[in-house]
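Good morning, and thank you for joining. Please keep the sequence and the model in view while I speak.

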Amino acid sequence: MNVLLTGIDGYIGSVLAPYLIKSGHQICGLDTGFYRSGWLYHDKSHTVLPKFLNKDLRKIKKNDVEGFDAVIHLAELSNDPLGQLNPEITYDINYKGSVQLARLCKSCGVKRFIYTSSCSVYGTNGDEYKTEESEPNPQSIYAECKIMVEREVSKLADDIFSPVFLRNATAYGASPKMRFDIVLNNLCGLAWCNKTIEMISNGTPWRPLVHILDICKAIKLTLEAPLENIHNEIFNVGSTRENYQIKEIADVIASVFKNCKINIGTENNDPRSYKVSFEKIKNVLPDFSCDYDLRQGAKQLHKLFNRIDLKTEEFNSNSYTRLKQIKHLIETKQVDEQLYWRQMFES
Ligand SMILES: NC(=O)c1ccc[n+]([C@@H]2O[C@H](COP(=O)([O-])OP(=O)(O)OC[C@H]3O[C@@H](n4cnc5c(N)ncnc54)[C@H](O)[C@@H]3O)[C@@H](O)[C@H]2O)c1
């Protein structure tokens with residue numbers, strides 16, 4: 001299929017592009033490049049794309065999306081703390097930008113629109129396992145925007161336009177465009193660099209986890225599924241057995257990163273806690289199951305850190321923590337307050 005992949009330069013996009021190309025798809029990338037400086041490593045899967053649009057989502061025009069069979073939309077300000085930095089901009093990019101993209105796709109005859117939503121829409125929900133039918137309870141502007149996009153884009157569905165919404169669990173695993181601001185990657189980085197997993201919170205909140213390659217698998221299967229199976233559907237992406245309390249995640253990591261201590265705090269400042277059921281995706285896409293679990297993910301990162309000899313400065317650098325990088329771009333006046341790139345010098 002001929003696919004436009006937005007957010008190709010990000011944590012998931014930079015793994016997904018070679019994954020889909022290997023499966024025989026033609027990929028054109030789109031990204032504004034907020035994190036273009038941050039490569040944790042390079043490997044054989046690095047892909048030079050025949051076509052790449054270095055463009056802001058908010059500036060996309062009809063001719064950018066014409067001719068594609070499908071659009072996979074990843075490009076957003078993508079996590080809770082980053083979303084809170086400036087809620088108006090988050091609303092502008094994540095909600096308005098995404099809905100505008102979906103409308104353009106429909107008007108240009110793009111048949112499939114795959115939107116990467118998030119299990120964070122479930123927010124805080126007690127002990128019950130949340131399904132796609134459960135009432136969302138978003139706890140951040142990021143999660144609110146996800147729900148608003150799902151609802152608005154869902155209204156566009158008809159005989160010629162099939163959106164599908166993938167609510168991913170919290171991702172983990174190696175990516176050349178690494179992120180250390182997601183729980184498993186962060187705790188593994190602490191275990192490696194500090195030999196201590198220092199937690200302010202008491203570690204009781206629940207999170208479902210999913211490996212980045214299992215997200216790629218879910219996206220590929222959705223891309224290739226008969227339209228009638230996925231048309232306007234929501235799928236939680238992950239595995240029901242991979243719901244953990246944060247302190248359990250820390251325990252498993254400490255057993256993989258030897259000689260690592262865990263210091264657990266006494267408070268719980270995080271209102272987000274949710275357990276999720278991932279049964280629907282297995283039923284509708286029978287080839288889907290997760291190939292990775294938490295322990296394998298921790299082992300993969302241990303191997304990676306060992307190989308590249310990860311240093312504390314690298315772990316703490318702007319490049320791999322989204323909030324730090326966006327703040328840095330604003331403070332150094334490389335982007336303006338609306339997160340558009342500035343011209344540094346007049347030519
Ligand atoms: N990583 C996770 O744990 C996770 C979990 C659930 C859902 N998701 C969703 O998956 C998608 C991809 O996540 P990720 O972890 O790869 O995020 P990321 O932040 O690593 O990558 C996002 C990419 O989008 C680009 N981008 C952001 N705003 C843009 C704009 N206005 N115009 C053009 N490009 C823009 C960035 O430059 C970046 O390369 C996001 O929509 C995210 O909400 C991620």
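I shall discuss the nonpolar cores and then the aromatic pairs.

This is a predicted model, in which local features need pLDDT of at least 70, side-chain atom pairs count only at pLDDT 80 or more, and totals for chains, interfaces and linings use all residues. Residues are numbered from 1 along each chain as its sequence is written, and side-chain values use heavy atoms, with hydrogens and water left out.

I begin with the cores. A nonpolar core is a set of buried Ala, Val, Leu, Ile, Met, Phe, Trp, Tyr and Cys residues joined through side-chain atoms within 4.5 Å; buried means under 20% relative accessible area, with a 1.4 Å probe and protein chains only. The largest such core has 78 residues, and Ile72, Ile249 and Ile253 touch the most other members. Helix α6, residues 183–194, gives the most to this core, with eight residues; helices are DSSP runs of H or I, at least four residues, and strands are runs of E, at least two. A second, separate core of 37 residues includes Val65 and Leu329.

I turn to the aromatic pairs, whose ring centres lie within 6.5 Å. The structure holds nine of them. Phe113 lies in strand β5 and Phe161 in the loop between α5 and β7, so the pair ties together parts that are 48 residues apart in sequence. Both Phe113 and Phe161 are buried.

Technical notes
Buried < 20%, exposed > 50% of the residue type's maximum accessible area, 1.4 Å probe, protein only. Phe/Tyr/Trp six-rings, centres within 6.5 Å; stacked < 30°, edge-to-face > 60°.
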